[in-house]
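The sequence and structure come first.

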Amino acid sequence: MYHNGTINLLNLALSLSDALDLGSPILFQRQIRSAFVAWQLGQAASLPPEPLKNLFMAALFHDLGALSPDEKVALYRGQAENLDAHCVRGGRLLQTVPIFEPCAKIVRYHHRQWRAWSEPIENQLVLQSQILFLADTLERFINREQYILHQNDELISRVSSLSDNQIHPLMIDLLKSVARREDFWLDLTSPRLYSILLHSAPGRGIEVELGQLIIISEFVRNLIDFRSKFTVTHSAGVSAAASMIASLFGLTELETESMKVAGNLHDLGKMAIPNSILEKNGKLTDEEFAVIRQHTYVTYMVLSSIGGIQQIAEWAAFHHERLDGSGYPFHLTSKQLGIGSRIVSIADIFTALAEERPYRHGMNKNDAMSILKDLGNKRLLDINIIKLLDANYEQIHWLTNEAQKKAMDTYLQIY
Ligand SMILES: [Fe+2]
Ligand SMILES: [Fe+2]
Ligand SMILES: [Fe+2]
């Protein structure tokens, strides 16, 4: 069940930002670090609280439009073929969440050079975008293998040598004003930056309601599923199926709504998996499957670190566990697997079987149900939930389809 309804926006945003950079060790905390710099520069520029918070949140997600780890690494190395594409996509993705709407434009223009603006630097959007431009650039220039206080002077001169065409001189002045403090550099590169920000950054006092959490979970689901054309609508389907089954099973409205979030986020950990494995056309090797097995562990770690949604974290993350203990990664058994986790497991398999895949067509009711019943009879999945699905198959299938059509519409609008 969804606990006491207090989810902190800052904790949620930091956890998601962190998750977005799990695709490669070289990206570790990259967006969190950029957000720290942007926040410090925004304070130096005397931005009022609301625009400062929007700048900070935009920076936490600024490269979200680069969906795969490969694309993110290319951006980090300055090797992206089309720099504008991830800005456009990122802006559109953020626009789907009302509380992130003010961040969408900042992300849209985070690579726009100073000479391309026609408005003055006093314009708030120009200032925010230019600050993020500088924060992102500075973060990319840091040598992660070198002691930070041995390179800070060099970093400032490298950033200062960017032309006036690229960056307004005020940005360099702002940086120089915060860079005098050693603690700026030490916080920036501290492995504890996440907790430093959790206790001091903008967004601390803002609570997220369940309705907002559902919208945010749809947004995050898009970041996961839009990476591969074969999974574009997968989590939308799981979410709809799981919440419908929960409702038919007699769970409360609060639980049924919470189930939407669990369904949307069940494969969150796939953010850490490269596309070469996600999109592989054919059987996975043992080594590749070992990488896949990490995904629910990551789902669990990210969601449980948000706080206030422990039950949702468990429902989402236990979907590959099996009642006899043969699942992964926690090898939980029927004693430990509650009804919510059992429902998500079944909704996941049901949705996957009914979907088109590169190597097969979507299955019809008879074929899908015979696979599910077989798993139920072997006591791997809960047979009572499978019987409930069987008895209401058409209704659940229709609802799942509708949710998947909607997800496909969003995908087509963003790409
Ligand atoms: Fe970027
Ligand atoms: Fe999964
Ligand atoms: Fe899944």
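Helices (H or I, at least four residues) and strands (E, at least two) are DSSP runs, numbered from the N terminus.

## Basis

This is a predicted model, in which local features need pLDDT of at least 70 and side-chain atom pairs count only at pLDDT 80 or more, while totals for chains, interfaces and linings use all residues. Residues are numbered from 1 along each chain as its sequence is written, and chains are lettered from A and ligands numbered from 1 in the order in which they are written.

## Overall fold

The protein contains 22 helices and two strands. Along the principal axes, its C-alpha atoms fill a box of roughly 70 × 45 × 40 Å.

Of the 415 residues, 45% count as buried. A residue is buried if 20 or more other C-beta atoms lie within 10 Å of its own, exposed if 12 or fewer, and partly exposed in between, with C-beta atoms placed from the backbone. Among contacts with a separation of 6 or more, 69% join residues 24 or more positions apart; a contact requires C-beta atoms, placed from the backbone, within 7 Å.

## Residue D286

D286 lies in helix α16 (residues 286-292). D286 counts as exposed because it has 6 C-beta neighbours inside 10 Å.

## Helices α14 and α19

Helix α14 (residues 253-265) packs with helix α19 (residues 339-354) at an angle of about 50°, the axes being 11 Å apart. Axes are lines fitted to C-alpha atoms, for helices over the stretch in contact, and angles run from 0 to 180 degrees between N-to-C directions. The two helices, α14 and α19, are therefore oblique to each other (angles under 35 degrees count as roughly parallel, over 145 as roughly antiparallel, 65 to 115 as roughly perpendicular and the rest as oblique).

M259, A262 and G263 of α14 meet G340, I343, V344 and A347 of α19. By class, this contact of α14 with α19 has five nonpolar, two polar and no charged residues; Ala, Val, Leu, Ile, Met, Phe, Trp, Tyr, Cys and Pro count as nonpolar, Asp, Glu, Lys and Arg as charged, and the others, Gly among them, as polar.

## Helices α12 and α13

Helix α12 (residues 210-225) and helix α13 (residues 234-249) pack at about 140°, with axes 8 Å apart. That makes α12 oblique to α13. R221, I224 and D225 of α12 make the contact with H234, S235 and A236 of α13.

Terms used: Contact = placed C-beta atoms within 7 Å.
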